[in-house]
Amino acid sequence: PTPTYPAAASEAKVEGEVTVNALVGKDGNVLSARVVSGPPLLREAALKAVEKWQYHPYFVSGKPAVIATTAIIVFELSHN
């Protein structure tokens with residue numbers, strides 16, 4: 001899912017990138033995730049989105065493996 005832009009961040013006109021590190025299980029589900037950096041008003045929305053993501057399983061020597069990955073979520077307000 002795409003992160004929902006937090007109302008408080010939108011009202012404050014906060015934009016930016018949030019970096020999230022995640023551990024992905026053998027089945028492609030996110031086992032854990034944590035915010036590494038980004039504007040405080042955007043962090044929770046980014047984290048909640050990444051926790052719901054589903055990855056394709058990663059294989060090592062033909063077997064599914066747990067992997068670590070980094071996601072960068074970009075929040076931009078429309079400038080109409």
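1. In which helix is Leu42 found? Leu42 belongs to helix H2, residues 40–52; helices (H or I, at least four residues) and strands (E, at least two) are DSSP runs, numbered from the N terminus.

2. This is a predicted model: local features need pLDDT of at least 70, side-chain atom pairs count only at pLDDT 80 or more, and totals for chains, interfaces and linings use all residues. Residues are numbered from 1 along each chain as its sequence is written, and side-chain values use heavy atoms, with hydrogens and water left out.

3. Leu42 has a relative accessible area of 0%, so Leu42 is buried (buried is under 20% relative accessible area, exposed over 50%, partly exposed in between, with a 1.4 Å probe and protein chains only). Neighbours within four places in sequence aside, Leu42 is in contact (heavy atoms within 4.5 Å) with residues including Tyr5, Pro6, Val18 and Phe75. The C-alpha atoms of Leu42 and Glu17 are separated by 8.4 Å, and these residues are 25 apart along the chain.

4. The largest nonpolar core has 16 residues. Such a core is a set of buried Ala, Val, Leu, Ile, Met, Phe, Trp, Tyr and Cys residues joined through side-chain atoms within 4.5 Å. Strand S2 (30–37), S1, H2 and S5 each supply at least two residues of this core, and H2 gives the most, with 5 residues. Among the residues with the most contacts inside the core are Val50 and Phe75. Not counting residues up to four places away in sequence, Val50 touches Val20, Ala22, Val30, Ala33, Ala71 and Ile73.

5. Thr19 is found in strand S1, residues 16–24. Thr19 counts as buried because its relative accessible area is 16%. Beyond residues up to four places away in sequence, Thr19 touches several residues, including Arg34, Ser37 and Ile72.

6. The whole structure contains 2 aromatic pairs; rings of Phe, Tyr and Trp (its six-membered ring) pair if their centres lie within 6.5 Å, and planes under 30 degrees apart count as stacked, over 60 as edge-to-face and the rest as tilted. Tyr5 and Phe75 form an edge-to-face pair, with 5.4 Å centre to centre and 90° between the planes. This pair links distant parts of the chain, 70 residues apart: Tyr5 is in the segment before helix H1 (7–11), and Phe75 is in strand S5. Tyr5 is partly exposed at 23% relative accessibility, whereas Phe75 is buried at 4%.

7. Val66 lies in the loop between strand S4 (63–65) and strand S5 (67–75). Its relative accessibility is 41%, so Val66 counts as partly exposed.
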